[in-house]
Amino acid sequence: MTSPKNTATAPARSGFAQGRLVGAAAIGFAVLWVSENALFAATVPPTYGAPIEEVLAYYAANRNTVAIVSGLVALYLPLLLVFVTGLHGLVERRGGAGADWSRLAMAAGATLSAIFVLFNVTQIGLSLFAGGLDEPAPAFELVWQIHAAAFGLALPMIGTTCIGVALAAHASGLTPAWQRLLGLGGGSLLLAAGLGNLAIADGSALIFVGLLGFAAWLVWLLVTGMRLIRS
């Protein structure tokens, strides 16, 4: 016969394991995302406002970099989905406070994943296309424009995901108030930058507003991930 003590500790252990999984997914996603962007920064990629000849030269010379980055994306997208769905499970387990925000985060995270796929697919296409061109073709320029547009539209989805998880985690008691403010601040910057997605896709300096939001969300992910693993 199972004792009441054993039946009580089983859900607690299950919740602890789930919390560690969600925390590890958050940290893994953040680390891989930083690694991707650091690798790109090291190769000095062209801005979205750069001449198309410069874009062609970059992708023709950096096919290996694109291959590595594509592999990182294939790793971190599942981690993003594990994080947003797992966080919703934790919120429900803790009474459901903030569940509406976690559902919003799941929807935004799924949309963001689809946009990231488009962003990465066009980048792979640019790399493959550049290898067979001596000068830019209209089709190459079109793929580059779609790639830039995908990045611009990713910003509001990242911001929505950031705000949703920050509010859900705080409402359920998983994070303190300062982490909620960090998530709201980062998400708001990303949403503000997303309003100018056309300008960003055309090379506007407004992209730096989004980058500040990126940085804030990465800090939130790392701190929250470590908190969930230790809790």
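Biologist: How many helices and how many strands are there in the protein chain?

Modeller: The model is a predicted one, and its protein chain has 8 helices and 0 strands. Along the sequence the pattern reads α-α-α-α-α-α-α-α. Along the principal axes, the C-alpha atoms fill a box of roughly 75 × 35 × 25 Å.

Biologist: What share of the residues in the protein chain is buried?

Modeller: Of the 231 residues, 45% are buried. The protein chain exposes about 10800 Å², and carbon and sulfur atoms supply 68% of that area.

Biologist: Why is His-88 called buried?

Modeller: The relative accessible area of His-88 is 13%. Buried means under 20%, and His-88 is therefore counted as buried. This residue is found in helix H3, which covers residues 63-93.

Biologist: Which residues are in contact with His-88, once its neighbours within four places in sequence are left aside?

Modeller: They are Ala-99, Ser-102, Arg-103 and Met-106. What makes each of these a contact is that heavy atoms lie within 4.5 Å. For the protein chain as a whole, residues 24 or more positions apart account for 80% of the contacts with a separation of 6 or more.

Biologist: How do you know that Asp-134 is exposed?

Modeller: Its relative accessibility is 85%. The word exposed requires a value over 50%, so Asp-134 counts as exposed. Asp-134 is found in the loop between helix H4 (99-130) and helix H5 (138-171).

Biologist: Which residues form the negative surface patch that includes Asp-134?

Modeller: The patch is formed by Glu-53, Asp-134, Glu-135 and Glu-141. It is called negative because Asp and Glu count as negative.

Biologist: How far apart do the centres of the positive and negative side chains lie?

Modeller: The protein chain has 10 positive and 9 negative side chains, and the centres of the two sets lie 36 Å apart.

Biologist: What makes the phi of Val-44 worth a remark?

Modeller: The phi of Val-44 is near 55°, a positive value in a residue other than glycine. Most residues other than glycine have a negative phi.

Biologist: Where is Val-44 found, and is this residue buried or exposed?

Modeller: Val-44 is found in the loop between helix H1 (4-42) and helix H2 (52-61). Its relative accessibility is 62%. Since exposed means over 50%, Val-44 counts as exposed.

Key:
Residues numbered from 1 in each chain as written. Predicted model: local features only at pLDDT ≥ 70, side-chain atom pairs only at ≥ 80, totals over all residues. Heavy atoms only, no water. Helix = DSSP H or I, 4+ residues; strand = E, 2+ residues; numbered from the N terminus. Buried < 20%, exposed > 50% of the residue type's maximum accessible area, 1.4 Å probe, protein only. Patch = residues over 30% accessible without salt bridge, like charges linked within 9 Å, V, L, I, M, F, W, Y side chains within 5 Å. Areas by Shrake-Rupley, 256 points an atom, 1.4 Å probe, with all protein chains shown as cover. Salt bridge = Lys/Arg side-chain N within 4 Å of Asp/Glu carboxyl O. Charge placed at Lys NZ, Arg CZ, Asp CG, Glu CD.
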